[in-house]
Amino acid sequence: MMKINTIFAFHFHHVESQAQQYLHQMKKDDPLHPYGQKQTQFDKRYLEMATIWSQNSYCKRRQVGALIVKGRMIISDGYNGTPEGFENVCEDEDFITKPYVLHAEANAITKVAKSNNSSEGATLYITSSPCMECAKLIIQSGIRRVVYCNSYHSREGLDLLQKAGIELEYIEL
């Protein structure tokens with residue numbers, strides 16, 4: 001009986017070990033979570049990088065940064081600001097944001113669209129949750145996951161992304 005218990009215990013441990021290896025490999029092969037168990041740690045790092053990138057914005061009211069990551073590679077970046085060729089002034093004399101100012105995620109998405117990369121299946125790291133208009137762009141660009149650290153004044157964008165099946169994750173920095 002002792003020998004059977006030992007064999008069973010060995011077999012069970014071996015099967016359990018194989019299952020753990022399989023789950024680890026599955027997470028590793030998951031394109032939205034390529035860092036496996038360290039995903040949260042890398043999510044924070046990418047958000048910190050987006051926060052640093054936001055400092056490139058000339059906007060005075062609010063500076064927002066965005067990174068698009070696919071696999072383990074940053075494929076695009078953006079920050080809120082005026083379109084190419086416009087003066088780098090985001091607010092008018094009454095301190096109201098000018099209507100043609102682009103949001104950080106819109107800049108990152110249009111930048112990747114002009115490159116040879118594809119945002120299909122990518123993750124967007126953004127310092128502020130997306131508005132409704134940017135949520136539409138995110139859906140259409142094929143981004144499958146959005147990680148953010150601050151909330152926009154309206155939840156409409158997050159609600160739309162959730163309805164579209166986009167994975168959302170709030171991480172406090």
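## Overall composition

Of the 173 residues in the protein, 38% are buried, meaning that their relative accessible area is under 20% with a 1.4 Å probe and protein chains only. The model is a predicted one, in which local features need pLDDT of at least 70, side-chain atom pairs count only at pLDDT 80 or more, and totals for chains, interfaces and linings use all residues. Residues are numbered from 1 along each chain as its sequence is written, and side-chain values use heavy atoms, with hydrogens and water left out.

The protein exposes about 10900 Å², of which carbon and sulfur atoms supply 55%; the area comes from the Shrake-Rupley method with a 1.4 Å probe. Among contacts (heavy atoms within 4.5 Å) with a separation of 6 or more, 51% involve residues 24 or more positions apart.

## Order of elements

The protein contains 5 helices and 5 strands. Along the sequence their pattern is α-α-β-β-α-β-α-β-α-β.

## The sheet

The strands form an open sheet of 5 in the order E2-E1-E3-E4-E5, with mixed pairing; two strands pair if DSSP finds at least two bridges between them. Its edge strands are E2 and E5 (167-170), each of which pairs on one side only. On average, neighbouring strands are turned by 15 degrees against each other, direction ignored. Helix H2 (residues 39-54) packs on this sheet and touches E1, E2, E3, E4 and E5. The direction of H2 makes about 140 degrees with that of E1.

E1 (residues 65-70) and E2 (residues 73-79) run antiparallel and are joined by 6 bridges, with Ala-66 opposite Gly-78 in E2. The two strands form a hairpin with 2 residues between them, and Gly-71 in the turn has a positive phi of about 70 degrees. By contrast, E3 (residues 123-126) and E4 (residues 145-148) run parallel, joined by 4 bridges. Ile-126 has Tyr-148 in E4 as its bridge partner.

## A helix pair

The axes of H3 (residues 104-113) and H4 (residues 132-141) come within 9 Å and cross at roughly 25 degrees. H3 is therefore roughly parallel to H4, a term for angles under 35 degrees. Axes here are lines fitted to C-alpha atoms over the stretch in contact, and angles run from 0 to 180 degrees between N-to-C directions.

Glu-105, Ala-106 and Ile-109 in H3 meet Cys-134, Leu-137, Ile-138 and Ser-141 in H4.

Methods. Buried means under 20% relative accessible area, exposed over 50%, partly exposed in between (1.4 Å probe, protein chains only). Angles under 35 degrees count as roughly parallel, over 145 as roughly antiparallel, 65 to 115 as roughly perpendicular and the rest as oblique.
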